[in-house]
Amino acid sequence: KSSQRPSRSGSAMTCLAGLGSLCEGICGGTGKDAEPSDKALVALPVPAKRPGPADHLAEVFQRRPGSRAIAFFTGSWSGTRNDWTGDVGISFEALQNCELVALGRALEPGMLSEPVAVTLWCTETQSELAVVDVGPASAGEGGYAFEALPAPGVPLQAGREYRLTQRCKANMPDLWFDGYATPEEAARTARQARFVGGVCRAGYGYPGRQDGDLRRAGMVNFKIESRGPYVVPAGRVELAQALARSAVGQSEGSAVEAHLAVLACVLSVLVDDLAEVPGSSALVVVAPEQELQKVQLEAMEGGSLYRGDLSAGWTVFDDRFATELMSSQRHELDDHGGPLEGIVLRPDGTVLAAGTRFLSGSQSIGAEVVSLIDRGVALTRSSHGVVMAFLAGVRGRALRLAPVTSV
């Protein structure tokens with residue numbers, strides 16, 4: 001039987017008590033006895049209706065997340081050919097779920113002479129997903145001409161291949177690039193997708209022929225809307241309420257109370273215990289085991305993945321949990337300072353993976369994890385002490401709890 005974490009002075013156990021009061025409110029109480037303090041994560045009254053994760057934060061997230069469109073290729077890829085009639089271009093693989101919002105083709109040198117159709121294809125179905133004419137009137141940017149797609153663009157699914165072609169004809173006035181990129185050049189593409197190589201078709205239609213790895217880089221181009229999560233500042237009360245309502249929406253009966261205790265214990269470590277270790281960062285994911293099959297994980301040196309009926313033999317309530325987070329060295333960080341390595345828990349607190357790296361190409365590991373699962377939460381702490389909560393079902397948004405500063 002796992003030993004429980006001993007009582008501590010400060011807020012670690014107060015945090016548990018605070019969410020315990022919240023649990024009473026969820027189960028039918030009013031939560032009136034829970035009083036906010038500087039250290040306690042306490043709760044507000046919870047409606048009797050069981051909310052889904054996307055319902056209960058409507059009043060917190062009022063604005064849409066910020067976004068920006070980034071080009072897949074950068075750099076100069078001057079044209080060399082104009083002796084082919086047919087659809088010619090590239091194939092690429094989406095590495096994460098995102099939206100393709102514009103299609104383009106190389107602009108250098110000078111201006112384009114005529115509009116030409118640029119087409120996005122689904123490799124799986126060989127169907128046309130989008131087509132636009134790109135020519136002299138198109139917007140120029142970074143050596144390319146782009147035409148925007150109707151909002152919200154075309155959704156790309158992680159792990160799927162797509163093809164992008166230009167409708168070429170013999171003796172067309174605009175030359176197109178038909179050389180090869182080096183692996184180093186290919187690695188400079190936007191991290192939401194991976195460049196595969198060249199594709200073509202003699203005549204117009206789906207380009208079924210693959211004709212060279214890393215061929216025709218930059219001949220055609222596209223823009224991906226990179227959605228960093230819209231970050232909402234939250235106090236301890238608001239953060240506790242959001243997480244607790246998420247637990248209510250995802251657990252049943254007595255499992256709700258256990259789920260709340262797990263979240264409270266995780267928060268007590270991230271918010272308070274790690275504050276005693278300057279520069280520490282952490283990532284903890286709490287989700288049902290079946291949901292984690294959707295996420296790519298790999299064990300770091302000394303780490304372990306636990307599958308099926310196997311578990312690590314310890315839980316979030318053991319001293320080892322806090323010790324593991326405090327002692328681990330985080331080598332890779334996302335744009336919010338959250339590490340790509342962390343611990344994975346079931347909602348009952350059982351450790352499913354420790355010393356585990358999440359395979360990610362995202363600006364925000366927490367946002368990417370919850371975009372792949374339907375139930376669960378990712379919690380991160382940056383080396384500057386900022387704790388962020390990402391909830392499945394509330395994608396593209398995050399709650400941010402800033403560190404308490406001494407006066």
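What share of the 407 residues in the protein chain is buried? Buried residues make up 54%. Buried means under 20% relative accessible area, exposed means over 50%, and partly exposed lies in between, with a 1.4 Å probe and protein chains only.

A word on the source. This is a predicted model, where local features need pLDDT of at least 70 and side-chain atom pairs count only at pLDDT 80 or more, while totals for chains, interfaces and linings use all residues. Residues are numbered from 1 along each chain as its sequence is written, and side-chain values use heavy atoms, with hydrogens and water left out.

Now the overall make-up. The protein chain has six helices and 20 strands. Both are DSSP runs, numbered from the N terminus: helices are H or I with at least four residues, and strands are E with at least two. Contact means heavy atoms within 4.5 Å. Take the contacts in the protein chain between residues at least 6 apart in sequence: 75% of them join residues at least 24 apart.

Six strands form an open sheet, in the order 5-4-9-2-10-11, with antiparallel pairing. Two strands pair if DSSP finds at least two bridges between them. Which strands stand at the edges? Strand 5 (127-134) and strand 11 (209-213) do. Each has a single partner strand, so one side of each is left without a neighbour in the sheet. From one strand to the next, the twist averages 30°. Axes here are lines fitted to C-alpha atoms, for helices over the stretch in contact, and angles run from 0 to 180 degrees between N-to-C directions.

Two pairings from that sheet. Strand 2 (residues 86-94) runs antiparallel to strand 10 (residues 193-200), and seven bridges join them. Glu93 stands opposite Arg194 in strand 10. Strand 4 (residues 116-122) pairs with strand 5, also antiparallel, over seven bridges. There, Ala117 has Asp133 in strand 5 as its bridge partner. Strands 4 and 5 form a hairpin with four residues between them. Gln126 sits in that turn, with a positive phi of about 60°.

Is Gln166 buried or exposed? Gln166 is buried, with a relative accessible area of 2%. Leave aside neighbours within four places in sequence, and its contacts include Gly86, Val88, Ala117, Trp176 and Val220.

On to the helices. Helix 4 is mostly covered, with 14 of its 19 residues buried.

Partner one is helix 3 (residues 236-250). The axes of helices 3 and 4 come within 9 Å and cross at roughly 145°. Among the residues in this contact are Leu239 and Leu243 of helix 3, and Leu260 and Leu263 of helix 4. By class, the contact has 10 nonpolar, two polar and two charged residues. Ala, Val, Leu, Ile, Met, Phe, Trp, Tyr, Cys and Pro count as nonpolar, Asp, Glu, Lys and Arg as charged, and the others, Gly among them, as polar.

Val266, Val269 and Leu270 in helix 4 meet Phe321, Ala322 and Leu325 in helix 5. This contact has six nonpolar residues, no polar and no charged.

Last, the loops. Most residues other than glycine have a negative phi, and most peptide bonds are trans. Leu214, not a glycine, has a positive phi of about 60°. Arg216 has a positive phi too, about 70°. Leu214 is in the loop between strand 11 and strand 12 (220-226), and Arg216 is in the loop between strand 11 and strand 12 as well. Leu214 counts as buried at 17% relative accessibility. Arg216 is buried at 2%.

Where is the cis peptide bond that involves Pro152? The bond joins Ala151 and Pro152, with omega about 5°. Pro152 lies in the loop between strand 7 (144-148) and strand 8 (154-156).

One more loop residue: Arg191, between helix 2 (183-186) and strand 10. Arg191 is partly exposed, at 38% relative accessible area. Arg191 and Leu95 are 96 residues apart in sequence, but 7.5 Å apart in space, C-alpha to C-alpha.
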